[in-house]
Amino acid sequence: MLLSATLTHVSLATSVDYQQLKEADLSKWIEWAKIAWSYYDPGIGVDPGIGLPRASYHWAYFTDWDLGGYIIAIIKAELMGILPRNGEWGADDRIEKVLRFLESRMISPYGIPYHVYSSADGKPSKKDIANVSDSGRLLIALAILKRYRPDLAERIDAIVRRSNYEFLANRTDAWKTTSGFYKYYVAQGFKLFGLDKSWPAQMALKEFDNIVNGPHVDVYGVSLPKTEVTSEPILHMIFELDVDEKYLDYVKRIYEVQERRYKTTGKYTAWSEGNTGLPDVGVVYQWIITSSGETWKITPKSITPIVLTKVAFGFHALYNTDYTRQLVNYFINKNEGRKNVFPYSLFLPRKGFIEGVDENGRIVAELIDKTQVMIIEAAYYTLKKKVLESVDVMFEKPSTDIIPGKVVQLRFTYLDTTPLKHTCRYNVTISGSTTPHVMQYSSDMACNITLNWTPPKDDIYHVAVEIIADYALFNKSVTKSFDIKVGATPTVKEARITDTSYPNRVHPSEEFNITASVWYNFNTTEPMLLTIIVKDKITGRTITQANPINVTGENTAIFAIKIKAPDKGDTLHLTLIPAYYNGNVWLELDNGATEIEISIRESQQTQNTMTRTIIKKEITHITVTHSIVIYQVVATTHTTTETITEHDVTVTLMPIAIIICSLSLLTIAILVLIARRRRSSRPEH
């Protein structure tokens, strides 16, 4: 059993590799997002008259949770390029319809919205009032809308004030309707609009701390908190808000326990809240764990577990593992298959993704808005992750020689393989290495620019580029630097210590040797004097200097330096600096220096030997050239040991040892002879 558990754990650790995620196929994600967005075509998931969403194709009503999801879907679909910004049923038109509804909708006598509204006419369906979960979700969406459309900020703030969400935020009983990760997620919406000053709201914002510090339960070898745990709120939290590493760790656990259930039972597992497609129960919550510690619990009624499409796509965007790929392919095949199969083709349009499939293979033939929103969010998250990981800037300088006083064009290209819409701000600084020339250039909006520049004189100029790409909901900064040679090539003077050899410990006042290899590159035909200056690292005092040698061009020189140790025990901290002579003074090349430490030990009279380790230190310099030169230093240490004998007593002790051994053997032989004689004199029985 232990072996089996160990093998299972190793298998899972291999498939869930969070540090080296495989790159998703961006074109597939765009296609999936288009399918999900098609649910919101007028007459399918949106009323063609007033433009309000339907929570389900078969249910023409919506809550504030549904309305918030619709707003987020509009924004991210437009930013991915699958929804036009302008025109009828473009992003701006759809948002305007939603805002007009929020500015004029009927609200309850308490000053807060009703729970459910009709998609057909915008009127409340019942007299129940909104809860904190639905309200918090809408507030998160409105905060995202403010960032996407700053020009709408005043209207949005007025809508929030009109809806009196502060009344909900301040009521303790209102927060009792939610708990666990749901509670922590929706509390963020109240915080984003400054509605978190009351004690109930403050306690809701501490819910994640309570989760982390509270009791935990082992589920398939994964430690999960003893609270309501399911996938939906944690996925929305990551896709819509900023989270820290601690939160991401719990998301990983919630994913991993579902994969482990599949590995153990052979049943696909992707749990959350969802529609059942059954006549006797509409929506169920599939809890991986509950506040009482029960696992794999479905409420309000126990049914055959449903594998939910939105959860598969959500975790696929996060981790892109073998398991998530299996799940996504499974749902794509199921979704495509149902489009041409009776009776699904009869009562479901060929739009969007189905809600899921239960463990017996029954298709949950419902088109639900929450599933489409999650897939759109997952696609956007994947594209955003690609931007943050891989965008770059390319600098194209003229292929011909650059002449002082002549205008040249410097081209900069922002490289982004995603279709996410963005604008750029460039800050470019050009400065000479020896010439007092500094030029600064700024550009807004354009992401590919051409800069006209006139270099004043021969020099190597340093070009520093900073690009801030604005993607509406997030920014990405890229900083690069390049060198441009103008006119004649200046003299290059480089030298670096690449290898040293020295003892790790010496006696006080002992003379010892340091051997050092120096790589140099002097772009001149005239010989130059090269040396190594040895300094005390702590005081900066020069201790000694190697005998100079004449060098030209590029090569490696080896120096042997004799040093006398101080007259008392301590640790000698030395800095070895290559230097060249310019005709007047020695110029030190600090960027090519290295540091060593040597221990100074007093002689021990009671010890016959002292062990000395010879340190061989290799410093490998890797030079990468792509218009800009980057130096990366990797140090490795190898040790060899030699023994220095102070008083060799072997010669003195050897004769004595031989005599003692001989006498011992003679004594043993005599005793054996006597014993045999005594035994032979005894009578036999």
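Analyst: A word on terms before the packing: axes are lines fitted to C-alpha atoms, for helices over the stretch in contact, and angles run from 0 to 180 degrees between N-to-C directions. Please keep in mind that this is a predicted model.

User: Fine. At what angle do H12 and H17 pack, and how far apart are their axes?

Analyst: Helix H12, residues 231–240, packs against helix H17, residues 369–390, at an angle of about 40°, and their axes are 10 Å apart. The two are therefore oblique to each other, and H12 passes H17 in a left-handed crossing.

User: Which residues meet there?

Analyst: From H12 the contact draws on Glu232, Leu235, His236, Ile238, Phe239 and Glu240, which meet Lys370, Met374, Glu377, Ala378 and Tyr381 of H17. Sorted by class, that contact of H12 with H17 has six nonpolar, one polar and four charged residues.

User: Switching topic: is Leu145 buried or exposed?

Analyst: Leu145, which sits in helix H5 (residues 132–148), counts as buried because its relative accessibility is 1%, where buried means under 20%.

User: And what does Leu145 touch?

Analyst: Leaving aside residues up to four places away in sequence, Leu145 touches Ile71, Ile75, Ile95, Leu99, Leu152 and Ile156. Of these, Ile95 is 50 residues from Leu145 in sequence, with a C-alpha to C-alpha separation of 9.1 Å in space.

User: Zooming out, how many helices and strands are there?

Analyst: The protein has 18 helices and 29 strands, and 47% of its 685 residues count as buried. It exposes about 33800 Å², of which carbon and sulfur atoms supply 52%.

Definitions and conventions
Residues are numbered from 1 along each chain as its sequence is written. This is a predicted model: local features need pLDDT of at least 70, side-chain atom pairs count only at pLDDT 80 or more; totals for chains, interfaces and linings use all residues. Side-chain values use heavy atoms; hydrogens and water are left out. Helices (H or I, at least four residues) and strands (E, at least two) are DSSP runs, numbered from the N terminus. Angles under 35 degrees count as roughly parallel, over 145 as roughly antiparallel, 65 to 115 as roughly perpendicular and the rest as oblique. A crossing is left-handed if the near helix is turned anticlockwise from the far one by less than a right angle, and right-handed if clockwise. Contact means heavy atoms within 4.5 Å. Ala, Val, Leu, Ile, Met, Phe, Trp, Tyr, Cys and Pro count as nonpolar, Asp, Glu, Lys and Arg as charged, and the others, Gly among them, as polar. Buried means under 20% relative accessible area, exposed over 50%, partly exposed in between (1.4 Å probe, protein chains only). Accessible areas come from the Shrake-Rupley method with a 1.4 Å probe; for residues, only the protein chains shown count as cover.
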